[in-house]
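Please read it with the structure open.

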Amino acid sequence: MNRLTTSWGAFELARFPEDPRDTLRAWDAADEYLLRHLHGIDDAAPVPLTGTVAVVGDRWGALVTSLAGHHPVVQITDSYLGQQATRANLARAGTDSGAVRLLSARDTPPERVDVLLVRVPKSLALLEDQLHRLAPAVHADTVVVGTGMVSEIHTSTLKLFERIIGPTRTSLAAKKARLIFCTPDPDLPRVPSPWPLRYDLPADTGALAGRTVTNHAGIFCAERLDIGTRFFLRHLPTGHGAEHVVDLGCGNGVVGTAAALAAPQALVTFTDESFSAVASAEATFHANVPAGKAEFVVGDGLSALGDGSADLVLNNPPFHSHRATTDTAARRMFADARRVLRPGGELWVVGNRHLGYHVRLRRLFGNCDVVASDPKFVVLRAVKRR
Ligand SMILES: C[S@@+](CC[C@H](N)C(=O)[O-])C[C@H]1O[C@@H](n2cnc3c(N)ncnc32)[C@H](O)[C@@H]1O
């Protein structure tokens with residue numbers, strides 16, 4: 001937990017899930033720069049925060065927690081973890097529930113936005129889709145300000161604002177962060193978002209060969225199949241008779257959809273912390289297994305699933321959490337998988353060889369076999385003994 005001091009007060013902020021050993025803060029210099037600008041830096045006039053203030057891409061809720069006094073504030077995020085952090089940060093700040101509306105990137109955006117604040121996301125595609133979705137709500141007097149670290153703001157980022165909202169310029173850099181000022185041009189022709197994107201799978205993907213996958217903007221490998229996933233699809237278990245299969249960290253849902261085609265009797269649970277990933281998996285599954293049984297869960301790991309409730313968990317774990325490279329997410333997923341598996345149930349994992357997942361799995365499950373390997377990837381299997 002760390003304290004962010006702003007002109008509107010000081011706030012105790014944390015990421016989610018909270019981990020006392022985590023030294024990473026829940027905000028950065030880009031958030032601070034935007035907040036100082038809104039309040040009026042160096043005698044500049046404050047930005048009037050009237051009407052509906054929409055905050056897009058607020059990582060852990062630092063922006064909306066600071067601005068919660070300016071009702072109505074709407075936060076739009078694609079991350080369940082970010083949304084949970086925001087809820088906890090707002091509660092710690094004593095904010096009225098109801099002062100901030102929390103929307104996901106897949107929810108219908110507000111009809112009218114008077115102040116649009118954009119924390120530039122890592123994914124340019126997500127920014128493109130978000131700007132397209134919000135453009136109809138922006139009017140000639142909407143104040144539009146973006147913020148990001150210098151390393152995150154490229155010419156392509158500014159071109160998106162120019163093309164979708166209107167003329168755009170940037171501020172000077174401060175503590176390696178920069179602001180983006182955009183003036184809405186109501187006469188810009190409205191073009192539809194190119195997202196979601198659909199592509200057909202290559203021939204070496206088993207039962208999925210030639211089938212179409214749906215990808216909402218910003219999800220993992222939205223424009224082409226990941227090579228690790230492709231390797232996993234070639235080595236998934238077959239003939240296992242599982243009744244309940246879980247696609248943990250499902251992304252566009254290709255892994256769980258392949259499992260459903262291989263085991264038509266099974267219920268497949270698709271779960272991810274990205275709202276857009278779960279929506280993509282739902283579309284991919286329904287297009288390819290119309291008579292299959294599935295459930296779709298946005299959540300943190302397998303926290304929504306009961307102990308001993310699954311026969312098979314399939315997982316291509318994340319190894320980047322926002323900008324910090326960490327294997328914490330993978331470790332938590334493996335522990336969750338062990339909890340939800342019934343005795344005799346199996347966890348299958350694909351990973352880069354160098355990540356050393358076999359060591360973790362052996363420590364946790366007491367066993368781990370290599371099912372397949374190539375110079376880059378391994379597919380590992382761990383069995384829950386008791
Ligand atoms: C490497 S991608 C794999 C996606 C897909 N299974 C594939 O193979 O193409 C990892 C996925 O884990 C998700 N993820 C990250 N942290 C998570 C968490 N705490 N709970 C659930 N899903 C998470 C990410 O959003 C991402 O979609």
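Note on the predicted model

1. The model is predicted, and local features are reported for it where pLDDT is at least 70. A nitrogen atom of the ligand lies 2.9 Å from an N or O atom in the side chain of Asp300. Glu273 takes part through its backbone, with an N or O atom 3.1 Å from a nitrogen atom of the ligand. An oxygen atom of the ligand is 2.9 Å from a polar side-chain atom of Asn316. On its own the ligand has 600 Å² of accessible area, and the protein covers 90% of that.

2. Ligand shell. How many residues surround the ligand? The number is 15, and the closest are Thr229, Gly249, Asp272, Gly301 and Asn316. Sorted by class, the shell holds six nonpolar, six polar and three charged residues.

3. Helix H5. This helix spans residues 155–164, and its buried residues are Thr157, Leu160, Phe161 and Ile164. These four cover an arc of only 95 degrees around the axis, so they sit on the same side of H5. Thr155 and Lys159, on the other side of the helix, are exposed. The packing partners of the buried residues are strand E6 (113–119), helix H4 (124–134) and the strands E7, E8 and E9. Gly166 follows H5 and has a positive phi, near 160 degrees.

4. Helix H10. Tyr357, Leu361 and Phe365 are the buried residues to look at in H10, which runs over residues 357–365. Viewed down the helix axis, the buried residues fall within an arc of 40 degrees, and therefore line one face of H10. They pack against helix H9 (328–340), strand E18 (341–352) and strand E20 (377–383). After H10 comes Gly366, with a positive phi near 80 degrees.

5. His139. Strand E7, residues 138–149, contains His139. Its side chain makes a polar contact of 2.8 Å with the side chain of Asp114. Leaving aside residues up to four places away in sequence, His139 touches Arg112, Val113, Asp114 and Pro184.

6. His354. Is His354 buried or exposed? It has a relative accessible area of 64%, above the 50% cut-off, and therefore counts as exposed. His354 is placed in the loop between E18 and H10. Its C-alpha atom is 23 Å from that of Asp247, and the two residues are 107 apart in sequence.

7. Cis peptide bonds. Most peptide bonds are trans. Phe16 and Pro17 are joined by a cis peptide bond with omega about -5 degrees. Pro17 is in the loop between strand E2 (9–13) and helix H1 (29–39). Another cis bond joins Trp195 and Pro196, where omega is about 0 degrees. Pro196 belongs to the loop between strand E9 (177–182) and strand E10 (197–200).

8. Most residues other than glycine have a negative phi. Lys175 is not a glycine, yet has a positive phi of about 45 degrees. Lys175 lies in the loop between strand E8 (168–170) and E9, and is exposed at 65% relative accessible area. Cys221, also not a glycine, has a positive phi of about 50 degrees. The loop that holds Cys221 runs between strand E11 (212–215) and helix H6 (227–234). Which accessibility class does Cys221 fall in? Its relative accessibility is 22%, so Cys221 counts as partly exposed.

9. Asp42. This residue is in the loop between H1 and strand E3 (53–56). Its relative accessibility is 71%, so Asp42 counts as exposed. The C-alpha atom of Asp42 is separated by 42 Å from that of Asp300, and the two are 258 residues apart along the chain. Asp300 is the residue whose side chain has an N or O atom 2.9 Å from a nitrogen atom of the ligand.

Terms used: Residues are numbered from 1 along each chain as its sequence is written. Side-chain values use heavy atoms; hydrogens and water are left out. A residue is near a molecule or strand if one of its heavy atoms lies within 4 Å of it. A polar contact is a pair of N or O atoms within 3.5 Å; within protein, one must be able to donate a hydrogen and the other to accept it, and residues adjacent in sequence count only if both atoms are side-chain atoms. Accessible areas come from the Shrake-Rupley method with a 1.4 Å probe; for residues, only the protein chains shown count as cover. Ala, Val, Leu, Ile, Met, Phe, Trp, Tyr, Cys and Pro count as nonpolar, Asp, Glu, Lys and Arg as charged, and the others, Gly among them, as polar. Buried means under 20% relative accessible area, exposed over 50%, partly exposed in between (1.4 Å probe, protein chains only). Helices (H or I, at least four residues) and strands (E, at least two) are DSSP runs, numbered from the N terminus. The arc is that of the directions from the helix axis to the C-beta atoms. Contact means heavy atoms within 4.5 Å.
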